[in-house]
Amino acid sequence: MQTLQVALGERSYPIHIGAGVLTMPELLLPHVRSSKAVVVTNTTVAPLYLDRLRSTLESGGISVLPVILPDGEQFKTWETLNLIFDALLGARCERSTTLIALGGGVIGDMGGFAAACYQRGMPFIQVPTTLLSLVDSSVGGKTAINHPLGKNMIGAFYQPKLVLADISTLDTLPDRELKAGLSEVIKYGLIRDPEFFVWLEANLDKLLVRDQDALAYAVHRSCANKADVVAADERESGERALLNLGHTFGHAIETGLGYGEWLHGEAVAGGTLIAAELSCRLGWLNAGQVERIERLFARAGLPVRGAALGVARYLDLMSHDKKVQDGRLRLVLLQDIGRAVVSEVADSGLIGAAIEARCT
């Protein structure tokens, strides 16, 4: 087991990473300060890991209220969020009751948003069970639900008390979900860690066959990168925006196609290649670097082209992006492999050309 710390002063918290940490009461129980815990999960994860988490909690005398939601990005809505509130109110949960999110990014985002809102804030713990949530969404306190006009547009920054990252949960993860998670892993190499990108080029095949040592290293290195960025910029006023490489284009793909048609990591992969194409057209990346990026995503079994929505539709959807300031679109682009920047590209024609090149 390895432990990282997200350094946020009084809101600091540990990330415990390892196989089997879900069944280690000594890691979980000190962060549950009430006699009752609410476990928010979904219909896919509950049969696999709810009993395991329940046993860990009950070993410390903590009763468990499970809230089992439907599974899928299309359920990341107000209506589903209200199911959590209904359960909390129906069980007379107090402000001190701990809410634990057991699942992937959708469950983590919705559980965290519910925890931020219920009685203006209740303790919250992340127990991620997908590669994407292990390396990205469980760390940093971003919580949200989707809106028909834009992904993750309604939410709050709300930090967990603990992230319990059990890599053994990846044993039951479908291949498509594993590959989608690799998109966020590759992202860290592209935006700030070129040595990690080289390591991924050398070790991707091990990740695809779920070599436990390789997975543990990739999760730890990704979380370390995320923790450093979050500690420096908790609320995304500067450096943290770089974590959104590929996301502006990717969110447009998810919204334009309908939530759940492409997995988040798949959309981010397609979006990252559009961003790389635009970076090349700006003279920052050369064609060889774009090909190198494309090759790694392709080896991971991820899209290297965006969805064919049409330039006008992309630009319209991207106008709702959270990085828009004073009506100007700001994109995360690459000046090199391992160096990302937030840039205002005023020339919509240049953006459109990159979209056309990568989406038709």
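Start at the largest cavity, which holds about 80 Å³ of space; a cavity is a set of points on a 1 Å grid over the protein atoms alone where a 1.4 Å probe fits but cannot get out, and its volume is the space filled by probe spheres set on the points. The model is predicted: local features need pLDDT of at least 70, side-chain atom pairs count only at pLDDT 80 or more, and totals for chains, interfaces and linings use all residues. Residues are numbered from 1 along each chain as its sequence is written, and side-chain values use heavy atoms, leaving out hydrogens and water.

Select Gly-150, Lys-151, His-251, Leu-317 and Asp-321: of the 13 residues lining this cavity, they lie nearest its centre. Lining residues have an atom within 4 Å of a point. Next, colour strand S8 (150–157), H9 and H12, each of which supplies at least two lining residues. H9 gives the most, with 4 residues. Helices (H or I, at least four residues) and strands (E, at least two) are DSSP runs, numbered from the N terminus.

Now go to helix H13, residues 348–359.

Within H13, select Ile-351, Gly-352, Ala-354, Ile-355, Arg-358 and Cys-359, which are buried (under 20% relative accessible area, 1.4 Å probe, protein chains only). They cover an arc of only 160 degrees around the axis, so they sit on the same side of H13. Show what they pack against: helices H9 (247–257), H10 (264–281), H11 (287–299) and H12 (311–318), and strand S10 (330–336).

Key:
Expected span 1.5 Å × (residues − 1). Buried < 20%, exposed > 50% of the residue type's maximum accessible area, 1.4 Å probe, protein only. Arc of directions from axis to C-beta. Contact = heavy atoms within 4.5 Å. 1 Å grid on protein atoms, 1.4 Å probe; cavity = no way out; pocket = protein on both sides within 12 Å on 5 of 7 lines; lining within 4 Å.
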